[in-house]
Amino acid sequence: MEVGEKVSRDINLLKPYVAYLCNKLIEECKKQGLTIQVIETLRTQARQTEIHKAGNGPALIGPHGYGLAFDAVPLKNGKIDWKDYTLFKKMGAIGKSLGLEWGGDWKSVDCPHFQYVKGLTDTQIRNGKLPNFPPIPGETPPLDKQYRVYVSKLLGNGLTETYAKTKAQQLKSQGYEVYYITPDGKKVNV
Ligand SMILES: [Zn+2]
């Protein structure tokens, strides 16, 4: 028997800049001695409806449905401690320092929630509006006669392989030559 809608924890399903911030949050928390776990990323309307029926959220999907939000929890001895607000606060502060909005600051507190919407309302987001995303550090490909993406360089800058591939395919579909250089200097077209 199916029990509930599937919960996605895949960071790669977030908008690339949000995925970058999510990975950065994990990394920064780790540096400060805090292990965190991402418990949800992209959400379907079906799951939102389920959440709503349980009385835990609005009927219509918000930033979670558009790759603009994720939920994360701090771990203590490998386990989630929902009652340790200090750890959530620490995680929230780190997230905010990276430019994320934290649900722990809301009137209706949502401590695991982070989003990047830059003031857009849920309605605007549902109508297809997206915030302006700054460039991802290390993402800008070198330019000369043709636009090239050195996929290996992107990967070297901490980006996920999936993202590098998506970006490469995107540019390729726009007519750019996309390739990477192997460590022994061979050119491989993507
Ligand atoms: Zn959330």
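Reader: Which residue in the turn of the hairpin formed by S2 and S3 has a positive phi?
Author: In this predicted model, local features need pLDDT of at least 70 and side-chain atom pairs count only at pLDDT 80 or more, while totals for chains, interfaces and linings use all residues. Numbering starts from 1 along each chain as its sequence is written. Strands are DSSP runs of E with at least two residues, and helices are runs of H or I with at least four, numbered from the N terminus. Two residues lie between S2 and S3, and the one in the turn with a positive phi, of about 50°, is Asn 77.

Reader: In S3, which residue is the bridge partner of Lys 76?
Author: Strands pair if DSSP finds at least two bridges between them. S2 and S3 (residues 79-80) are antiparallel, with two bridges. The partner of Lys 76 in S3 is Lys 79.

Reader: Over how many bridges do S1 and S2 pair?
Author: Gln 37 stands opposite Val 73 in S2. The sense of the pairing between S1 and S2 is antiparallel, and the number of bridges is four.

Reader: How many of the eight residues of S2 are buried?
Author: A residue is buried if 20 or more other C-beta atoms lie within 10 Å of its own, exposed if 12 or fewer, and partly exposed in between, with C-beta atoms placed from the backbone. S2 is largely enclosed by the rest of the structure, because its buried residues number six.

Reader: In S5, which residue is the bridge partner of Asp 71?
Author: S2 also pairs with S5 (residues 113-115), in the antiparallel sense over three bridges. Within S5, the partner of Asp 71 is His 113.
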